Amino acid sequence: MGHKASIAGWLALGALAGALTTVGLQATARATFAPLPLQELQQFAAVYGIIKSDYVEPVDDKKLITDAISGMVAALDPHSQYFDAKSFKEFREGTSGRFVGVGIEITMEDGLVKVVSPIEDSPAFKAGLKAGDLITKIDDTAVKGLTINEAVKRMRGEPNTKVDLTVFRRDENRTFRVTITRQEIKTVSVRAKVVEPGYAWVRVSQFQERTLEDFARKLEEIVRAEPKLKGLVLDLRNDPGGLLDAAVGLAAAFLPDDAVVVTTNGQLEESKATYRATPRDYLRRAGTDPIARLTVNTQGALKRLPVVVLVNEGSASASEIVAGALQDHKRATIMGSQTFGKGSVQTVRPLGPDTAIKLTTARYYTPSGRSIQAKGIVPDIWVDETPEGNLFAALRTREADLEKHLAGPDEKALTDAEREAARQREREREAARQRLEEEQRKNPGTRLLPEFGSDKDFQLQQALNHLKGLPVVASKTATERPAKADN
């Protein structure tokens with residue numbers, strides 16, 4: 001069980017990428033409804049009454065209604081969701097890039113919380129927590145037995161409140177206790193650096209409210225440090241998505257003015273829209289335009305610079321919008337593996353001051369009209385994640401693997417051969433899981449895949465080779481996975 005929990009935590013860093021969605025926030029409730037189905041509502045009332053009178057113990061009215069709403073929304077597709085007060089607050093924190101906590105990126109290892117890295121200038125950073133530290137207790141609660149989400153909730157709280165963490169530092173073979181005062185944490189979704197003279201790497205880990213500002217500032221710093229930039233690698237691997245306008249704005253940094261970035265189509269007239277590389281389609285509020293500032297301050301360098309976009313099975317939603325737009329406009333070469341395939345847009349409709357539903361309201365299409373729902377963006381050049389191949393890619397779930405996912409444009413019932421291929425993928429997934437468990441037993445505490453952006457990052461090295469006109473080690477085994485439904 002310990003190793004399986006460790007694997008679940010490892011995957012949580014991005015492999016199960018459909019968890020974050022391309023979202024548009026909208027406060028307008030619908031004012032008109034179709035006639036209500038009276039027979040079904042009478043049945044609902046009858047079930048409600050039976051539960052109230054016959055269930056083994058009393059059930060709270062609010063809980064019954066809330067759970068009924070939650071089940072109704074969740075049954076639609078994997079990305080629609082009912083938010084109670086607590087989950088709505090957490091959702092807004094996730095898209096804003098701000099939350100109250102201690103300021104650490106974490107995963108799970110052998111049932112314990114492992115610090116991947118402390119966020120710079122956060123309370124945890126100032127308290128001296130280091131990458132690799134294992135948290136064994138949160139206040140007086142043992143971490144063993146908690147899920148990663150439960151551990152996160154215990155470490156978050158109100159500003160200026162304290163939390164006690166018991167930490168085991170393996171390289172010093174000691175356990176110590178540290179008291180940390182929770183503060184508002186501002187996460188940075190963009191990292192960038194000059195990887196070698198003339199070439200830069202920019203990683204976007206999530207599309208948040210601050211992403212465009214962070215992206216523009218980082219690129220301005222890069223161009224100042226390396227004014228003769230020859231090429232750029234935009235790294236969207238394991239980027240699970242986020243805000244639609246942030247994706248449109250980031251694509252606009254590379255595309256001609258007013259170029260189509262993405263179109264959407266749904267039942268409502270407002271869901272039929274075209275988003276272009278123009279401020280009116282990506283600025284959330286009046287104020288300065290970071291993308292226009294970036295273009296001016298870099299003298300339009302990003303509009304001309306050769307670009308490679310790195311993607312993988314964990315690239316979903318907003319990151320697929322960017323990759324698809326740059327691919328269709330032939331503005332970048334897409335490298336890596338086939339993306340997650342989340343081609344739907346969710347709208348958040350508040351139900352009151354602190355509750356809401358997140359509802360799938362449209363499908364999105366790349367500028368050439370491609371729907372990538374349940375299919376994803378297929379790279380121009382397939383590149384394995386290591387020189388030895390895709391060691392753990394089989395572990396990553398894609399949209400087509402999720403129950404109740406929206407059908408893709410070409411989805412149809414599986415043939416016998418395709419069902420066997422699906423069973424083979426499950427066997428490969430189990431073999432990869434066992435391989436990962438064995439590697440973790442042999443090399444406890446070590447990173448099994450190189451860090452993105454490091455000199456051991458094989459896909460990044462191939463992207464740089466492509467930008468320089470050098471040979472690229474393309475995958476000999478990876479192939480496109482078509483969208484099919486077993487129905």
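Analyst: Start with helix α3, residues 61-74, in this predicted model. Helix α3 has 14 residues. From its first C-alpha to its last it reaches 20 Å, close to the 20 Å expected at 1.5 Å a residue. The N-terminal end of α3 is capped by D60. There, a side-chain oxygen of D60 lies 3.1 Å from the backbone nitrogen of K62.

Next, helix α2, which spans residues 38-54 and contains L41. L41 has a relative accessible area of 39%, between the 20% and 50% cut-offs, so L41 counts as partly exposed. Together with L36 and L38, L41 makes a nonpolar surface patch of about 320 Å².

Now the aromatic rings. A pair of aromatic rings is described by the distance of the centres and the angle of the planes. The structure holds four aromatic pairs. One of them joins F83 and F88: the ring centres are 5.8 Å apart and the planes stand at 15°, so this pair is stacked. The angle falls under the 30 degrees that stacking requires. Both F83 and F88 are buried.

Last, a contact between residues separated in sequence. V309 lies in strand β16, residues 307-311. V309 has a relative accessible area of 0%, so V309 is buried. In sequence, V309 and D235 are 74 residues apart. In space, their C-alpha atoms are 5.8 Å apart.

Notes
Residues are numbered from 1 along each chain as its sequence is written. This is a predicted model: local features need pLDDT of at least 70, side-chain atom pairs count only at pLDDT 80 or more; totals for chains, interfaces and linings use all residues. Side-chain values use heavy atoms; hydrogens and water are left out. Helices (H or I, at least four residues) and strands (E, at least two) are DSSP runs, numbered from the N terminus. The expected span of a helix is 1.5 Å times one less than its number of residues. A polar contact is a pair of N or O atoms within 3.5 Å; within protein, one must be able to donate a hydrogen and the other to accept it, and residues adjacent in sequence count only if both atoms are side-chain atoms. Patches are made of residues with over 30% relative accessible area and no salt bridge: like charges are joined within 9 Å, nonpolar side chains (Val, Leu, Ile, Met, Phe, Trp, Tyr) within 5 Å. Accessible areas come from the Shrake-Rupley method with a 1.4 Å probe; for residues, only the protein chains shown count as cover. A salt bridge is a side-chain nitrogen of Lys or Arg within 4 Å of a carboxyl oxygen of Asp or Glu. Buried means under 20% relative accessible area, exposed over 50%, partly exposed in between (1.4 Å probe, protein chains only). Rings of Phe, Tyr and Trp (its six-membered ring) pair if their centres lie within 6.5 Å; planes under 30 degrees apart count as stacked, over 60 as edge-to-face and the rest as tilted.
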